[in-house]
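User: Could you walk me through this structure? I'd like to take it one piece at a time.

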Amino acid sequence: MRNTILSVYQPSHLASLVPMMQSFIESATQNLDTPNEDMIFSNLSLRLATDVIGEAAFGVNFGLSKPNSVCESIKSVSSVKNGDDGDNDDEEVSDFINQHIYSTTQLKMDLSGSFSIILGLLAPILQEPFRQILKRIAGTMDRKIESINEKLSGRLDEIVKRRMEDKNRTSKNFLSLILNARESNIVSENVFSPEYISAVTYEHLLAGSATTAFTLSSIVYLVAAHLEVEKKLLQEIDEFGPTHKIPTAQDLHDSFPYLDQVSSY
């Protein structure tokens, strides 16, 4: 199983994703050009990370980081909260992503989050028993999160099923790579069952987007709090070249030593 997906994590493949990531970044930054309007950067970074991973893992452009899509997604998330799931196929992908964003943004460690998560901070052994109880009680955050996660699993199963039926898929994304290996008998179909494929693909989307968004937001927040660091960081970026110049993977490795120190810290 590991050997099947190992090529996705090879440096050469990751380097080839830089232009794709750059295109999403350029699109996302246009959301920052709106004058006299506040932007919640954590929301933007979550949509940016979800777009990148969606393309890399699913081979699908969710379009969340396009200009104005952030505001549109917030409206859609509000409809998810109210139980409006969308009844036609055209809304299926959008519905899936909005549910994913809502589920991710509810993973909070304050009093507005799930009680079982808060309890887990104080008494970890009690978290799972209380979660099992609370998810059966209407109106609790645990119940809402459980309901959204069930819908997400169902949506993802449908996406995987349709991709299985697509005989013209490429091998450039995570999901297609697994399905191609499964059909070519490189691995047993029992190893990569549809349930496993859905689980491991969603794991990449949820874990990857949440951690990446949190890291980006934290870096921006901490850098903004230290003006001398921000000034030096911007100077290094500006000295790389004109704004239209796209850095390669090698450039990112060699040309930004201070940026690397800041992000590593």
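User: Leaving aside its neighbours within four places in sequence, which residues is Ala249 in contact with?

Analyst: Ala15 and Val18. Contact means heavy atoms within 4.5 Å. Before going on: this is a predicted model, in which local features need pLDDT of at least 70 and side-chain atom pairs count only at pLDDT 80 or more, while totals for chains, interfaces and linings use all residues. Residues are numbered from 1 along each chain as its sequence is written, and side-chain values use heavy atoms, with hydrogens and water left out.

User: OK. Where does Ala249 lie?

Analyst: In helix H13. Helices are DSSP runs (H or I, at least four residues), as are strands (E, at least two), and they are numbered from the N terminus.

User: Switching topic. How many aromatic pairs does a search of the whole structure find?

Analyst: One. The ring centres of Phe240 and Phe256 are 5.2 Å apart and the planes are at 40°, so the pair is tilted. For rings of Phe, Tyr and Trp (its six-membered ring), a pair has centres within 6.5 Å; planes under 30 degrees apart are stacked, over 60 edge-to-face, and the rest tilted. Phe240 sits in the loop between helix H12 (227-238) and helix H13 (249-254), and Phe256 in the loop between H13 and helix H14 (257-264), 16 residues apart.

User: Are Phe240 and Phe256 buried or exposed?

Analyst: Phe240 is buried at 15% relative accessible area, and Phe256 is buried at 6%.

User: Which residue lies over the face of Phe240?

Analyst: Lys245, at 4.4 Å from the ring centre. A charge counts as over a ring if NZ of Lys or CZ of Arg is within 6 Å of the ring centre and within 35 degrees of the ring normal.

User: Now charges. How many salt bridges does the search find?

Analyst: Three. A salt bridge is a side-chain nitrogen of Lys or Arg within 4 Å of a carboxyl oxygen of Asp or Glu. Glu128 meets Arg131 at 3.0 Å, N to O. Glu146 meets Arg131 at 3.2 Å, N to O. Glu146 lies in helix H9 and Arg131 in helix H8, so this pair ties together parts 15 residues apart in sequence. Lys135 meets Glu146 at 3.8 Å, N to O. Bridges with shared partners join Glu128, Arg131, Lys135 and Glu146 into one network.

User: Last one: how many residues are in the largest nonpolar core?

Analyst: It has 26 residues, and those with the most contacts inside it include Phe58, Val160 and Leu175. Six residues, the largest share of this core, come from H9. A nonpolar core is a set of buried Ala, Val, Leu, Ile, Met, Phe, Trp, Tyr and Cys residues joined through side-chain atoms within 4.5 Å.

Definitions and conventions. Buried < 20%, exposed > 50% of the residue type's maximum accessible area, 1.4 Å probe, protein only.
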